[in-house]
Amino acid sequence: MNLVDIEYVKKCRFVVATGTFDGYDVPYQPSNTSIRSKKLFCFLMVVDEVSLKFIKKNVIVRKDRDEGMWVGIWRLIPLKHLPYDEPRRKGKVPKILTHRLFPEAQYSIWIDGKMELIVDPLRILERYLRHDKHTYAIAQHKHHRSIYEEADANKRRKRYARLLIDLQMNIFYYEGMEPWSLKKNTISDVPEGAIIIREHTALSNLFNCLWFNEVNLSTPRDQLSFGYIVYRLRGLFKFFMFQNCEYNSLFVLHLHTREHSSQVEWIKSLSEFKGNGSSMKESRGGFGLWTPYPKNLDSVILPPVVRTSKAG
């Protein structure tokens with residue numbers, strides 16, 4: 001981060017954060033924001049250099065006297081030297097590690113870059129955290145409750161290389177992660193990760209770090225690893241998962257400026273990564289998928305998946 005932005009975020013105790021990478025989104029201004037929220041919250045949009053150029057080309061960016069950059073209510077926070085090449089993986093840095101980028105924040109609301117927030121942030125904190133004394137809130141996935149259902153949908157929609165998603169699921173299943181059922185203490189194992197509402201407690205921060213570690217090691221599909229980390233913490237981590245219908249009432253969903261695609265999503269066999277195909281591997285990130293697992297996964301048979309939704 002630039003020094004001017006580091007100094008700016010030091011004063012941020014309440015944060016609404018979003019991000020866009022590789023020019024996939026333009027900033028959408030929040031609506032119905034109270035005067036109190038405008039004074040209390042820092043609205044921070046994390047961008048890489050590609051998105052910064054794209055935003056400057058398409059919308060008006062103003063500079064304040066400290067050289068900070070603004071688009072409407074959003075303070076642009078450019079990041080340099082990001083640890084990944086894959087845009088989806090880049091976005092997980094501010095999304096999951098919000099407490100590391102903005103260490104003075106006590107509360108944060110993360111929304112994906114394609115979202116237009118239409119509810120006052122103070123009302124969101126009151127409804128999802130303070131009213132019932134929660135510290136972490138996230139929406140339930142619209143279609144799936146089991147990570148194995150979500151993995152199947154990701155493969156059908158080519159969200160990442162199918163065989164690498166299978167490898168991740170084989171590891172999770174070998175380590176005891178059962179499909180979601182009514183016997184579990186959670187509403188669902190699969191979140192809708194486009195909005196995350198957090199109090200930055202020590203346990204919330206620990207969960208985020210563990211979640212990020214898993215995203216770093218395996219696929220960038222964070223919905224697949226959320227429930228696994230909850231499972232590994234054995235009930236230690238408490239969170240509020242709210243209904244998807246509420247999730248849809250918080251913002252307007254916009255399309256990306258273009259459809260995301262990368263070569264790795266079309267891989268059908270590991271042999272395609274060999275020789276000249278080795279360039280299709282992510283050069284940074286996902287190395288856990290290429291490190292030999294210490295146990296034999298050949299005998300693992302994933303649980304059957306019932307496809308309950310055309311949308312996947």
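Is helix α8 mostly covered or mostly open, and how many of its ten residues are buried? Eight of the ten are buried, leaving α8 mostly covered. Buried here means under 20% relative accessible area, exposed means over 50%, and partly exposed lies in between (1.4 Å probe, protein chains only).

This is a predicted model: local features need pLDDT of at least 70, side-chain atom pairs count only at pLDDT 80 or more, and totals for chains, interfaces and linings use all residues. Residues are numbered from 1 along each chain as its sequence is written, and side-chain values use heavy atoms, with hydrogens and water left out.

**Helix α8**

- Helices (H or I, at least four residues) and strands (E, at least two) are DSSP runs, numbered from the N terminus.
- Helix α8 spans residues 147–156.
- Its buried set is I147, Y148, E150, A151, D152, A153, N154 and K155.
- These buried residues pack against α9 (162–174) and α11 (222–232). Contact means heavy atoms within 4.5 Å.
- S146 caps the N-terminal end of α8, with a side-chain oxygen 3.1 Å from the backbone nitrogen of Y148.
- A polar contact is a pair of N or O atoms within 3.5 Å; within protein, one must be able to donate a hydrogen and the other to accept it, and residues adjacent in sequence count only if both atoms are side-chain atoms.
- After α8 comes K158, with a positive phi near 55°.

**Salt bridges**

- Side chains of opposite charge can pair when their charged atoms come close.
- A salt bridge is a side-chain nitrogen of Lys or Arg within 4 Å of a carboxyl oxygen of Asp or Glu. The structure holds 15 of them.
- D152 is buried at 11% relative accessible area, whereas R156 is partly exposed at 31%.
- R130 and E126 form another, with closest N and O atoms 3.8 Å apart. Both lie in helix α7 (residues 121–130), four residues and about one helical turn apart. R130 is exposed at 52%; E126 is partly exposed at 39%.
- D64 and R75 meet in a salt bridge at 3.5 Å, N to O. This pair links distant parts of the chain, eleven residues apart: D64 is in the loop between β3 (62–63) and β4 (69–71), and R75 is in strand β5 (residues 74–78).
- R75 is buried at 2% relative accessible area, while D64 is partly exposed at 22%.
- D5 joins D64 and R75 in a network of salt bridges.

**Strand β6**

- All five residues of strand β6 (residues 107–111) are buried.
- Both faces are covered: Y107, I109 and I111 on one side, S108 and W110 on the other.
- Two strands pair if DSSP finds at least two bridges between them.
- Strand β1 (residues 14–20) runs parallel to β6, joined by four bridges. V15 has S108 as its bridge partner.
- Strand β9 (residues 191–199) pairs with β6 in the antiparallel sense over five bridges. I109 stands opposite I197 there.

**S51 in helix α3**

- S51 lies in α3 (residues 49–58) and is buried, at 0% relative accessibility.
- A polar atom of the S51 side chain lies 3.2 Å from the backbone nitrogen of D22.
- Not counting residues up to four places away in sequence, S51 touches T20, F21, D22, G23 and Y24.
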